[in-house]
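Hi,

Here is the structure I said I would pass on. Have a look at it first, and then read my notes below.

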Amino acid sequence: LGIKHMTWASVLLDHVFPWAHSTDNSVARQGLIVAIVQRWQEMDLGNKHDQCKQTLQATPFITTVSGRTMSPAEILDPSSEELRLLYSSNGSAGPFPAADIFAALSSALRRGIVSFRQELSAIEIVERLSFLNEHANDDTQWECTRTIAEHVLQYIAQHVVLRCVPETMEPSDHVGSLTHAQDSRNQPRNSFFSWPATFGMPWVSEAASSTAPPPAPWSAQDIELVRAKLRHCFWLPAAPPPAEWHSPVHWAGSAKRLWRASDVRLVQEHWSCGAVIPLLCLETQLGLPSDKRLRIQQAFLDVLTIARRRSTSEQQEVAWAQLDALRGWWERAPVEDRKAQGVSAWFTNCLYRHVYPRLALDDEDQKKRQNTAPSEELQSEPLVETTHSIMQRLTPLYIEGDFVNIEDVSMDQGFDVAGLWQLPAELRSIPLMQKFVKRNFEVIDFGRALSRLWGRLSEAGRQQLNATEVDIAVRLAIALASCPSSLDVLTPDTLLVPTSRCTLRPASECVFNNMKWLSAEEQRKRNAVVIASGIDWVHNSISNEVAQALQVPGLNARVAAEALTCADGDSAEEGPSWFEAAGQQEPLTTRLRSLVRDITDGASMADLSMFKELLQNADDARATEVHFVWDWRQFGTQSLMSPEMGRWQGPCLWAYNNAAFSQQDFENITQLGAMQKLASGSRSSRASQIGRFGLGFNSVYSFTDLPSILSNDVVLFLDPHVRHLRAMGASAQKPGIKLRFLKIDVLDKFRDQFEPYHGLFGCDLNSSNPYPGTLIRMPFRTQETARKSSISSVAITQSDALQTLEAFREVSAQCLLFLQHVQRIEFSWIPPEEGPRAAPKSVVEVHIDVSQKQPMGSAGDVLEQDGDVAMQSPELPPAACQTTDLEALEYRRLFTSRTLPQSRERRSF
């Protein structure tokens, strides 16, 4: 018939396959192609077999689960769980074959007649990333989206990242990853999504996997497109918190959303940023085989541009955010959550080891930022924190299980119960802490802590401090007393001190016992008076020195106040007869400084100016003996008229003469001016009284700031600065006090204050008789009091005393020539180790024997040395000597004659 013989290969290649590509009848196409595939082995295709298979592979005849018709080359293998999970748990949304067509092709798949893909193409990867990006913030289907994202992440790590870094790949890298994927696909699976039993698709298990076609190579454009999507799409699921994370604390990765690569850090940084930044765990989330893990992890980080290490400035900013987040949780968390077991240890470890050390830029990074020219990248970074802003952001600090204000933290001190904390040792080496945490607490801090301690007690409804709180309050009081120069920021009405009743009261409402020498009966009386007056004794752990520094009134001040109100036998209208304020009555310190400068200007200790003034004053009082004593002893500081007087209980110079002061003399001594002391004398007496500068007693201020005079029944204390006797009634108008010691037992009430006078030159303060002489005490300035003095900065030493003695020895005889009444002058010495009743040891003595009738004569013999005087100075005082100068008598008679009232010699003295 002339019919051309046709082979099966020509029928398929020339007619069937072209028709399948062109027809719109998908049912007929699929039925025909499936029938051909099922009978493939019966057809003799000869040498066209491979060509037919390739054409079959590209022919669209398979209906997918989504209803599309695709060729076997476009279909993903549904038996690969790895591929199915990239779309959903059962692969229903991906390019997978429908169940019926897959069952029909099962035999062909086993024989390798058709085959499905084992990997996604670049376009499909881009599609998956775009899909996740669109649903990144969709919390309505969050669990499904997260599951797909987790499997996409694993797939990209295992099959994609090495393709995106071709410059680092070895030829075997990609093949190895594919081989591993195929091997793993053929291994038994224990996954929850095990195929096919879970999803009721038994037709899959019956189909044998065919040999997978080799993956199509990616072009440079494909690689660049995938890399761009990996970096800029929101597709990364955050890792769950590690086991060591405190579960109640917010974990940034717990948010129902996906993240960009630039948003995430690695889970190893969770201590420093887990509360504010989502983290990736490469070990658990990528699912990498151990032999390729390190290389693929590094490629993954490179492709996504995720840095393993951050710059110092980035670490700083993240650490600040982490600190703010943790503090925010702490403020919002219930008390029971904050006090739960392990919370304090967790916060301590997180903040002390990972957050606080990263809060500030180090010096090297600071210099680098300052020396680098501004750039777009640099300008986009946060500016270096200013000191003020860092201080504000740093507070509060986490100390001992709570966040506390940085003002309540110091490097070296801690009073925990009172809310003043010592910086833990783990934080002291951090430069930021060294810069912003104070070394020691200040007065205002201690005062605030005491107020806080008392406030907490009131809130708890308690009346007394417990033992621990008392101990803290005492320590705070002692610490306050250690910085007296700053105590002026607190007043006695606001400064709280612990009392003997375990309470806290203002210092002005307390008293300390600085009169413990009183008898037991007197102590009981005083205690009753204190209690009745509504004040409290300070706590017995507070020493008198501490109480004094805290401006707590001493018991002696209370006694003095009572005395000012009324004394025994005195009427309330007239006031006390034994005590009154007294002193020089004009602004003194400036005037006295000028007077002292005039006296000592250009003069050394050898000038003897002050001694000549005192000699002349004694001569004006018609004294016949004058005795100067260098006293180097230190007396007690407890029983004083005021605590401040303790600064002047040390070495002094005594000036004694055997003439008593009159009431007018005491009034005159308080006046400044050239001739005030002569105002009440007659014209003849004024003519017979002389004195250099006309200043007399005021010359003593070259040695002291607190002179005192004891004579007759009066002791006068002068306090030009009004720093030491204000509690006893001294004021700027009357800067001193005058006390009549015969009307009060001064040794009983102020023993340490009057111990230096008692027994010296016959002064008996237990006697009922007035003292017939005059004792002037000039306590020396110490280096400390000299610095604070507004009068003079001179502090007398033993070397100054020796210089004075040597100068006096040279002019001893001449000193008596121009004096009318004084016949004997003596200098003595009391070493520092001597007791209160020590007798002065004579060093230099000069006198005129008025019993001699001859107007002229030879000088008397010098006495032999009695013995050395014990001193701390390496140079001993000179030997005791006595001089009798008959010639001086004649000069005196001539000097006192009325014919020489204006002689040059008289004026020069």
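**What I found**

W330 and Y398 are both buried. Keep in mind that this is a predicted model. The two rings form an edge-to-face pair, with 5.5 Å from centre to centre and 80° between the planes. W330 sits in helix α15 (residues 312–332) and Y398 in strand β5 (residues 397–399), so this pair ties together parts that are 68 residues apart in sequence.

The other pair is W632 with W829, which is tilted: the centres are 5.6 Å apart and the planes are at 45°. Here W632 belongs to the loop between β14 (625–631) and β15 (652–657), while W829 is in strand β20 (residues 824–830), so the parts tied together are 197 residues apart in sequence. Both W632 and W829 are buried.

How many aromatic pairs does a search of the whole structure find? The count is 32. Ring pairs also build a cluster, and W330 and Y398 are in it along with W245, W251, W271, W329, W346, F347 and F403.

**Arginines over rings**

Two arginines are worth a click. R257 lies over the face of W259, 3.9 Å from the ring centre. R128 does likewise with F131, lying over the ring face at 4.5 Å from its centre.

Is R128 buried or exposed? With a relative accessible area of 6%, R128 falls under the 20% cut-off, so it counts as buried. You will find R128 in helix α7 (residues 122–134). Leaving aside neighbours within four places in sequence, R128 is in contact with L86, Y87, L120 and I148.

Helix α1 (residues 8–22) packs against helix α2 (residues 26–38) at an angle of about 145°, and their axes are 9 Å apart. On the α1 side the contact is made by L12, V16, F17, W19 and A20, and on the α2 side by A28, R29, L32, I33 and I36. Sorted by class, that contact has nine nonpolar residues, one charged residue and no polar ones.

**A valine in a strand**

V511 is another one to look at. V511 is part of strand β11 (residues 510–511) and is buried, with a relative accessible area of 0%. What does V511 touch, not counting residues up to four places away in sequence? The residues it touches are V530, I535, D536, W537, V538, V552, P553, G554, L555 and R558. For P553, the C-alpha atom is 5.2 Å from that of V511, although the two are 42 residues apart along the chain.

**The chain as a whole**

To finish, some overall numbers. The chain has 36 helices and 21 strands. Of its 909 residues, 49% are buried. The accessible surface comes to about 43200 Å², and carbon and sulfur atoms account for 50% of that. If you take contacts between residues at least 6 apart in sequence, 71% of them join residues at least 24 apart. The W632–W829 pair, with its parts 197 residues apart in sequence, is one I would open alongside that number.

Happy to go through any of this when you have had a look.

Cheers

Definitions and conventions. Residues are numbered from 1 along each chain as its sequence is written. This is a predicted model: local features need pLDDT of at least 70, side-chain atom pairs count only at pLDDT 80 or more; totals for chains, interfaces and linings use all residues. Side-chain values use heavy atoms; hydrogens and water are left out. Rings of Phe, Tyr and Trp (its six-membered ring) pair if their centres lie within 6.5 Å; planes under 30 degrees apart count as stacked, over 60 as edge-to-face and the rest as tilted. Helices (H or I, at least four residues) and strands (E, at least two) are DSSP runs, numbered from the N terminus. Buried means under 20% relative accessible area, exposed over 50%, partly exposed in between (1.4 Å probe, protein chains only). A charge sits over a ring if NZ of Lys or CZ of Arg is within 6 Å of the ring centre and within 35 degrees of the ring normal. Axes are lines fitted to C-alpha atoms, for helices over the stretch in contact, and angles run from 0 to 180 degrees between N-to-C directions. Contact means heavy atoms within 4.5 Å. Ala, Val, Leu, Ile, Met, Phe, Trp, Tyr, Cys and Pro count as nonpolar, Asp, Glu, Lys and Arg as charged, and the others, Gly among them, as polar. Accessible areas come from the Shrake-Rupley method with a 1.4 Å probe; for residues, only the protein chains shown count as cover.
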